[in-house]
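Visitor: I would like to learn how to read the features of a model like this one, step by step. Could you take me through it, giving the general idea before each case?

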Amino acid sequence: MLDQTHLKLGGLARPRRRALRRDPDGSFFCVIEGGGLGPEVSDMIGAAHLRHPPQDFPHWRFEHLEIEYDAPTQSVWMNYRADSPHCYTLRMLQEAIEFRDAIKRLAQTEGSKWPIRYIVMASKKPNVFSLGGDLATFVSCIRNNDRDSLLTYAYACIEVMYTLTSAFDLPVLTLSVVRGQCMGGGFEGALATDFVIAEESARLGVPEIAFNTFPGMGAVTFLTRRVGPARTQQILSAGRVYTARELFDLDIIDVVAPEGRALETAHEWMLDPDGANWRRRQALVNFRKQCFPVRKEELLRVVELWTDCSMAISRHDLRYMERLVSAQSRLPRDELPSGKGEALKKPPPLKED
């Protein structure tokens, strides 16, 4: 079951959902009062104000995130710690929201000595960027018919995805630096950033079709804006695992880094003493967002469809998902396909009990 949580969610009201409540300031928070989730006594966001004050930057302490600042490139790095889960747990999503709020406070601090051009999402894990959604949570919610808890998790995902695609509501650019396996929601997170650099050996994909659902945390929106609806449908329906080079050729990622040099490539790409490249990229991104805006309302609508679709999957699909849960706890090179053009293949149906 999910841990107790109290998540502020800016944006649209969902009055029909028990999961959403309105704060006095007009913003929304997510609280589930049953099915494994209980109301948190302390306000998570308020507590984060105390844990990550601007004066402590970049030495903010998180359980699953490691924050770094690179002065030559004026970049803030949000790294997934080497010992963090391979998938996005609810706690990891909470910490990403805490990081967002802390960065916004830092940027608004008068006289800050930390100029920021880029916010970078990366992983300290040697063989994995992220395996995406927490399948153990999905299985638990589906088996217990706990739609509210699954929807709470889904809303938290969208809050993080929208933070990335809206560049934290700051005049910065967002960048993903991908090494190793980047699957499902991990790939969606990378697609949410303005630019993607992937190492030659990286493997990326959205395999949800293997258990008869679809990637609901933004892939439909982000891919459509990059490559159009027809190509997006091909990618989603194939469930393939792609090489970095293949996605570069499809104009889905921006730079392919040589093997073992993703971090150095990202640093060289951002290094720009007079800011000319940063200003050019900022203008390009602003134009793209004006022409192809990503609205939170759209992301929420899609993730609600994903929630309903997931709650309706068959017992066979659920069993397959349970098999993948164990794979999420191990290094993906041992468990997941990595060859060019490979797809996640579903085993033959089991006899029902």
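**Reading the model**

Guide: Phe138 has its place in helix α3 (residues 135-143), where helices (H or I, at least four residues) and strands (E, at least two) are DSSP runs, numbered from the N terminus. This is a predicted model, in which local features need pLDDT of at least 70 and side-chain atom pairs count only at pLDDT 80 or more, while totals for chains, interfaces and linings use all residues. Residues are numbered from 1 along each chain as its sequence is written, and side-chain values use heavy atoms, with hydrogens and water left out.

Visitor: Is Phe138 buried or exposed, and which residues does Phe138 touch?

Guide: Buried means under 20% relative accessible area, exposed over 50%, and partly exposed in between (1.4 Å probe, protein chains only). Phe138 is buried, with a relative accessible area of 8%. Contact means heavy atoms within 4.5 Å, and, not counting residues up to four places away in sequence, Phe138 touches Gly133, Leu150, Tyr153, Trp306 and Met321. Phe138 and Glu322 are 184 residues apart in sequence, yet 9.3 Å apart in space, C-alpha to C-alpha.

Visitor: What do the totals for the protein chain say about burial and contacts?

Guide: The protein chain has eleven helices and 13 strands, and 58% of its 353 residues count as buried. Among contacts between residues at least 6 apart in sequence, 74% join residues at least 24 apart.

Visitor: How should I read a nonpolar core, and which residues touch the most other members of the largest one?

Guide: In soluble globular proteins, nonpolar side chains tend to be buried together. A nonpolar core is a set of buried Ala, Val, Leu, Ile, Met, Phe, Trp, Tyr and Cys residues joined through side-chain atoms within 4.5 Å. The largest here has 80 residues, of which Phe99, Ile103, Val178 and Ile252 touch the most other members, and α4 gives the most to this core, with eleven residues. Leaving out residues up to four places away in sequence, Phe99 touches Trp60, Phe62, Leu65, Ile67, Val76, Met78, Ile119 and Phe168. A second, separate core of 17 residues includes Val120, Ile197, Ala262 and Trp269.

Visitor: How is a pair of packed helices described, and at what angle do α4 and α10 pack?

Guide: Two packed helices are described by the angle between their axes and the distance between the axes. Axes are lines fitted to C-alpha atoms, for helices over the stretch in contact, and angles run from 0 to 180 degrees between N-to-C directions. Helix α4 (residues 147-165) and helix α10 (residues 296-311) pack at an angle of about 145°, with their axes 10 Å apart. The residues making this contact include Leu150, Tyr155 and Ile158 of α4, and Leu299, Val303 and Trp306 of α10. By class, the contact has eleven nonpolar, two polar and five charged residues, where Ala, Val, Leu, Ile, Met, Phe, Trp, Tyr, Cys and Pro count as nonpolar, Asp, Glu, Lys and Arg as charged, and the others, Gly among them, as polar.

Visitor: Where do α2 and α4 meet, and at what angle do their axes cross?

Guide: The axes of helix α2 (residues 90-107) and α4 come within 10 Å and cross at roughly 35°. Leu90, Leu93, Ala96, Ile97 and Arg100 in α2 meet Tyr153, Ala156, Cys157, Glu159, Val160 and Thr163 in α4, and these residues divide into eight nonpolar, one polar and two charged.

Visitor: How should I read backbone geometry, and which residues does a cis peptide bond join?

Guide: Most residues other than glycine have a negative phi, and most peptide bonds are trans. In this model a cis peptide bond joins Phe57 and Pro58, with omega about 5°, and Pro58 lies in the loop between α1 (44-51) and β4 (65-70). Phi of Ala167, a residue other than glycine, is positive and near 55°, and Ala167 has its place in the loop between α4 and β8 (173-178). Asp251, also not a glycine, has a positive phi of about 65° and is found in the loop between α7 (244-249) and β13 (255-257).

Visitor: Are Ala167 and Asp251 buried or exposed?

Guide: Ala167 is buried, with a relative accessible area of 2%, whereas Asp251 counts as exposed at 60% relative accessibility.
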